[in-house]
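Here are my notes on the model, point by point. Please read them with the structure open.

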Protein chains: 4
Amino acid sequence: MLPQTQPYTGKSPIVGVTDTEFQRLVSRAIEAKGLSYSPYSHFPVGCSILSTDGSYTLGANVENASYGGAICAERTAIVKAVTSGHSKFKALAVSTNSNTCSSPCGICRQVIREFSSPNLSLPIIMLDKDGSEFVLMTIGQLLPLSFGPDDLATS
Amino acid sequence: MLPQTQPYTGKSPIVGVTDTEFQRLVSRAIEAKGLSYSPYSHFPVGCSILSTDGSYTLGANVENASYGGAICAERTAIVKAVTSGHSKFKALAVSTNSNTCSSPCGICRQVIREFSSPNLSLPIIMLDKDGSEFVLMTIGQLLPLSFGPDDLATS
Amino acid sequence: MLPQTQPYTGKSPIVGVTDTEFQRLVSRAIEAKGLSYSPYSHFPVGCSILSTDGSYTLGANVENASYGGAICAERTAIVKAVTSGHSKFKALAVSTNSNTCSSPCGICRQVIREFSSPNLSLPIIMLDKDGSEFVLMTIGQLLPLSFGPDDLATS
Amino acid sequence: MLPQTQPYTGKSPIVGVTDTEFQRLVSRAIEAKGLSYSPYSHFPVGCSILSTDGSYTLGANVENASYGGAICAERTAIVKAVTSGHSKFKALAVSTNSNTCSSPCGICRQVIREFSSPNLSLPIIMLDKDGSEFVLMTIGQLLPLSFGPDDLATS
Ligand SMILES: [Zn+2]
Ligand SMILES: [Zn+2]
Ligand SMILES: [Zn+2]
Ligand SMILES: [Zn+2]
C-alpha cells in the first residue's frame with residue numbers, strides 16, 4: 001500500500017523536522033524551479049535539501065542537447081550539497097509544474113540512496129505544482145531492495 | 001512487506017512463463033556475465049530478457065574509464081532488445097557474482113520501466129551468483145510511484 | 001583544420017574498408033534510424049558498426065521519460081557489439097535526419113574511445129540525412145587529449 | 001597539432017583573465033579535490049569555474065555504487081554554477097592526482113559545451129597534480145564538430 005496524497009497544512013509530518021523547516025523545504029523546492037535550464041523538455045523541476053547542519057541546498061534540472069547529458073534537479077541538489085560540505089541530509093523536497101505529485105526518477109533515487117545509509121529513512125516530500133498537496137515516502141520505500149556503498153567493498 | 005528469497009526448483013513462479021522459459025532466463029542471465037566488460041569494478045553482471053515473441057536477449061555491463069559512462073547489464077539488454085525489434089517483454093533476469101540476490105540499480109529500473117507500460121507488471125528475477133536462489137518482484141514494485149511515457153505529453 | 005564534407009560516391013575513403021563494406025556501413029546507419037525509440041526528441045539517430053570479424057551491428061537511440069536515461073544510437077551499437085563478441089571495430093557510421101552531417105555527442109565519443117585503444121584511429125563516418133555527403137574523422141580527432149583504459153590502473 | 005604542456009608561472013595565458021583570477025582558478029581546482037566523494041575509483045578530481053560575474057564555483061566528483069550514476073567534478077561545478085545564477089563562464093580549471101595533465105571526459109565536454117555558445121572559446125585549464133604544469137585548450141578544440149542548443153530547435 002503506497003502512502004496517500006496529503007494536503008499541505010504547514011504542519012511537518014516528519015519527526016525531527018520542525019514546521020518552519022518543513023515550510024522552507026516546500027517553498028524552496030517550488031522557488032528552485034526558477035533555476036531550471038530545461039529548453040528541451042520545457043519541464044522545470046525544483047528540489048530543496050535540508051542538511052543536518054541546518055543548511056538548505058537548492059537544485060534544478062540542467063538539460064543538454066544530448067538528452068543523456070541531462071542532470072535532474074534532485075541530483076543537482078545532491079552534488080551541490082555533498083561538495084559544499086553538507087552531505088548528511090534530514091529531508092528532500094521536489095516540485096514540478098505537474099498537477100499531480102512529482103516523484104524522483106530512478107537515476108535520482110539511486111544517487112539519493114548513496115547518501116542515505118544505513119537505514120534509508122530519508123524522507124522525500126513529493127509536491128504538486130504549488131505545494132498544496134504532497135506524498136511523503138522514504139528513499140528506502142522509493143527504491144526497495146537497493147544497493148549502495150555498504151554493499152560494495154570500498155576499501 | 002518485500003517478497004522473500006525463494007529457492008530455485010526449476011518451476012516457473014511466473015504466470016505466462018513456462019518452466020523451460022524460466023530455466024532459460026536463469027541460465028542465460030548467469031551465462032551473460034561472461035560477456036561483461038568490467039575492468040574497473042571487477043564486478044560482472046549478466047541479464048537476460050524474454051520477449052513476447054519468444055526471443056531471448058542477453059546483456060552485460062560495459063564500463064568506462066569515465067565511471068559515469070558505464071552502462072549496466074540490464075540497460076544493455078534493454079537497448080539491444082528494443083533496437084532488434086523485441087520491445088515487448090515477458091520477464092527479465094539478472095545475476096551477479098554476489099552471494100546475495102542482485103537487484104537492478106535505479107537507473108536501470110527507470111529504463112526498464114519505460115518499456116513496461118501500462119501496468120508495470122513485468123517480472124524481474126533477481127538471482128544469486130549461481131541461480132540457486134532468487135527474489136521475484138515486478139518493475140512496479142521496484143520503482144513505486146514512477147513516471148514514464150504515459151505521464152509526459154509525447155505528441 | 002577540420003576535415004571537410006565529402007560527397008558520397010560509393011568509393012571507400014578508409015584504408016582497410018572495402019567499397020562494399022563502406023556502402024553497407026552507410027546504408028545500415030540510415031536504415032538503423034528506423035529502430036529508434038525517440039518519442040521525446042522526435043529525432044531518430046541510426047548507427048552501424050563494422051567489426052574486424054566482418055559483422056555489422058546496428059544501433060539507434062533509446063530515449064527515456066527521464067531525459068538523462070536516454071542512450072544514444074552510438075552507445076547502443078557499442079554495447080550491442082561488445083556484448084555479442086564483436087568488440088574490435090573497423091569503422092562506425094552515424095546518421096540523423098538533419099540536413100547537415102551528424103556527429104556523436106561527447107558521451108558517445110567517450111564510450112567509443114574505450115574500445116579504440118591504443119591508437120584511436122577508428123574512423124567515424126558522419127553522414128547527412130540520406131547519405132549523400134559525409135565527414136570522416138578518427139575518434140582521436142573527435143576526442144583529443146582523451147583518457148581511456150590505458151590511463152587507469154585496471155589490474 | 002595539440003597545444004603543449006606549459007609550466008605554471010602565475011601569469012595568466014588567457015585574454016580577459018587576470019593573473020590573480022588565473023591563480024585562484026588553479027588553487028581552487030586543486031583545493032576542490034578535497035570535496036570529492038570517490039570511494040570506488042579512489043581518484044579525486046577537482047574543478048573550479050570563474051563566471052563572468054566574478055564568482056568562483058567549486059566542484060568535485062561524486063561517485064555512486066552504480067558506476068553509471070557517477071557525476072564528474074566538471075559537471076558538478078557546471079550544474080552548481082548554472083543553478084546558482086552564474087551561468088556565463090570565463091574559464092574552467094580541472095585537477096586530479098595524476099602526474100600528467102588531466103582532461104575532462106567526453107560527457108563533461110558535452111555538458112560544458114552546452115554553456116559555451118556561440119563561439120565555443122571557453123578556456124579549459126588542464127592541470128597536473130599540484131598545478132606546476134598545465135595544458136590550455138578551448139572547449140571547441142576539446143569537442144570539435146560538436147552540437148549544442150543552437151543546433152536543435154528549442155522553441
Ligand atoms: Zn531524476
Ligand atoms: Zn543499473
Ligand atoms: Zn551520444
Ligand atoms: Zn567527466
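1. The zinc ion (ligand 1) has A:C72, A:C105 and A:C108 as its protein donors, each through SG and lying 2.3 Å from the ion. Donors here are N, O and S atoms within 2.8 Å of the metal (3.2 Å for Na, K and Ca); water is not among the atoms, so sites may look incomplete. The spacing of the donor residues in sequence is C-x32-C-x2-C. A:C72 sits in the loop between β3 (56-60) and α2 (73-82) of chain A, and A:C105 in the loop between β4 (89-96) and α3 (106-114) of chain A, so the pair ties together parts 33 residues apart in sequence. Helices (H or I, at least four residues) and strands (E, at least two) are DSSP runs, numbered from the N terminus.

2. A caution on provenance: this is a predicted model, where local features need pLDDT of at least 70, side-chain atom pairs count only at pLDDT 80 or more, and totals for chains, interfaces and linings use all residues. Residues are numbered from 1 along each chain as its sequence is written, chains are lettered from A and ligands numbered from 1 in the order in which they are written, and side-chain values use heavy atoms, with hydrogens and water left out.

3. Buried means under 20% relative accessible area, exposed over 50%, and partly exposed in between (1.4 Å probe, protein chains only).

4. By contrast, A:V15 is exposed, with a relative accessible area of 85%. A:V15 belongs to the loop between β1 (6-7) and α1 (19-32) of chain A.

5. The largest nonpolar core has 122 residues. Such a core is a set of buried Ala, Val, Leu, Ile, Met, Phe, Trp, Tyr and Cys residues joined through side-chain atoms within 4.5 Å. A:I78, B:I78, C:I78 and D:I78 have the most contacts inside it. Beyond neighbours within four places in sequence, C:I78 is in contact (heavy atoms within 4.5 Å) with residues including C:I49, C:F89 and C:F115.

6. In chain C, the axes of α2 (residues 73-82) and α3 (residues 106-114) come within 8 Å and cross at roughly 20 degrees. That makes α2(C) roughly parallel to α3(C); angles under 35 degrees count as such, over 145 as roughly antiparallel, 65 to 115 as roughly perpendicular and the rest as oblique. Axes are lines fitted to C-alpha atoms, for helices over the stretch in contact, with angles from 0 to 180 degrees between N-to-C directions. C:E74, C:R75 and C:I78 of α2(C) make the contact with C:I107, C:C108, C:V111 and C:I112 of α3(C).
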